Amino acid sequence: QVQLVESGGGLVQPGGSLRLSCAASGIIFSVKTMAWYRQAPGKERELVARIVRDGTTNYADSVKGRFTISRDYAKNTVYLQTNSLKPEDTAVYYCNAFIFTTASSAMDAWGKGTLVTVSS
């Protein structure tokens, strides 16, 4: 079993910052990709940022220059630094990871989400 646990969400004013964290635990052989998605009320879940094991990153156009994704490989943890937050960033943010539980068996794991609310 693999678990992803997010933390760091909350209420922040426009222009503010939050740092989201997500730690993977359980039976882990290796973690290939870690990512953050978000889902706003009434909208579909969308990719926010992704980081591959070699450090390659990609971002949604709407967050480029404001959000930064990073990883701690030793701790199987991914972070999302969110700056210059806007009301339209309000959403539940979900952690996602593609994890090998053995050398030949992999799974796509999801966290339960953490709510980010940007409002004055």
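Thr 33 has a relative accessible area of 14%, so this residue counts as buried. The cut-off behind that word is simple: buried means under 20% relative accessible area. The model described here is a predicted one. Thr 33 belongs to strand β4, which covers residues 30-39. Leaving aside residues up to four places away in sequence, Thr 33 touches Arg 50, Ile 51, Val 52, Arg 71, Asn 96, Ala 97 and Phe 98.

**Phe 98 and its aromatic partner**

In one of them, Phe 98 and Phe 100 are arranged edge-to-face, with 5.7 Å from centre to centre and 90° between the planes. Planes over 60 degrees apart count as edge-to-face. Phe 98 has a relative accessible area of 31%, so it is partly exposed. Phe 100 is also partly exposed, because its relative accessible area is 23%.

**Accessibility of selected residues**

The table collects the values for residues discussed in this report.

| Residue | Relative accessible area | Class |
|---|---|---|
| Cys 22 | 0% | buried |
| Cys 95 | 0% | buried |
| Thr 33 | 14% | buried |
| Phe 100 | 23% | partly exposed |
| Gly 113 | 26% | partly exposed |
| Phe 98 | 31% | partly exposed |

**The disulfide**

How many disulfides does the structure hold? There is one. Its partners are Cys 22 and Cys 95, whose sulfur atoms are 2.1 Å apart. Cys 22 is buried, since its relative accessible area is 0%. Cys 95 is likewise buried, at 0%.

**The sheet that contains β3**

Strand β3 is part of an open sheet of four strands, in the order β1-β3-β8-β7, with antiparallel pairing. Which strands stand at the edges of this sheet? They are β1 (2-7) and β7 (67-72); each has a single partner strand, so one side of each is left without a neighbour in the sheet. On average, neighbouring strands of this sheet are turned by 15° against each other, direction ignored. The antiparallel strands β1 and β3 are joined by six bridges. Val 5 has Ala 23 of β3 as its bridge partner.

**Arg 45 over two rings**

Arg 45 lies over the faces of two aromatic residues. For Tyr 94, Arg 45 is at 3.8 Å from the ring centre. For Trp 110, the distance of Arg 45 from the ring centre is 4.8 Å.

**Gly 113 in a loop**

Where is Gly 113 found? This residue is in the loop between β10 (106-110) and β11 (114-118). Its relative accessible area is 26%, so Gly 113 is partly exposed. Not counting residues up to four places away in sequence, Gly 113 touches Glu 6, Val 92, Tyr 93 and Tyr 94. Gly 113 and Val 92 are 21 residues apart along the chain, and their C-alpha atoms are separated by 5.8 Å. Tyr 94, another residue that Gly 113 touches, is also one of the residues whose ring face lies under Arg 45.

Conventions:
Residues are numbered from 1 along each chain as its sequence is written. This is a predicted model: local features need pLDDT of at least 70, side-chain atom pairs count only at pLDDT 80 or more; totals for chains, interfaces and linings use all residues. Side-chain values use heavy atoms; hydrogens and water are left out. A disulfide is a pair of cysteine sulfur atoms within 2.5 Å. Buried means under 20% relative accessible area, exposed over 50%, partly exposed in between (1.4 Å probe, protein chains only). Helices (H or I, at least four residues) and strands (E, at least two) are DSSP runs, numbered from the N terminus. Contact means heavy atoms within 4.5 Å. Two strands pair if DSSP finds at least two bridges between them. Axes are lines fitted to C-alpha atoms, for helices over the stretch in contact, and angles run from 0 to 180 degrees between N-to-C directions. Rings of Phe, Tyr and Trp (its six-membered ring) pair if their centres lie within 6.5 Å; planes under 30 degrees apart count as stacked, over 60 as edge-to-face and the rest as tilted. A charge sits over a ring if NZ of Lys or CZ of Arg is within 6 Å of the ring centre and within 35 degrees of the ring normal.
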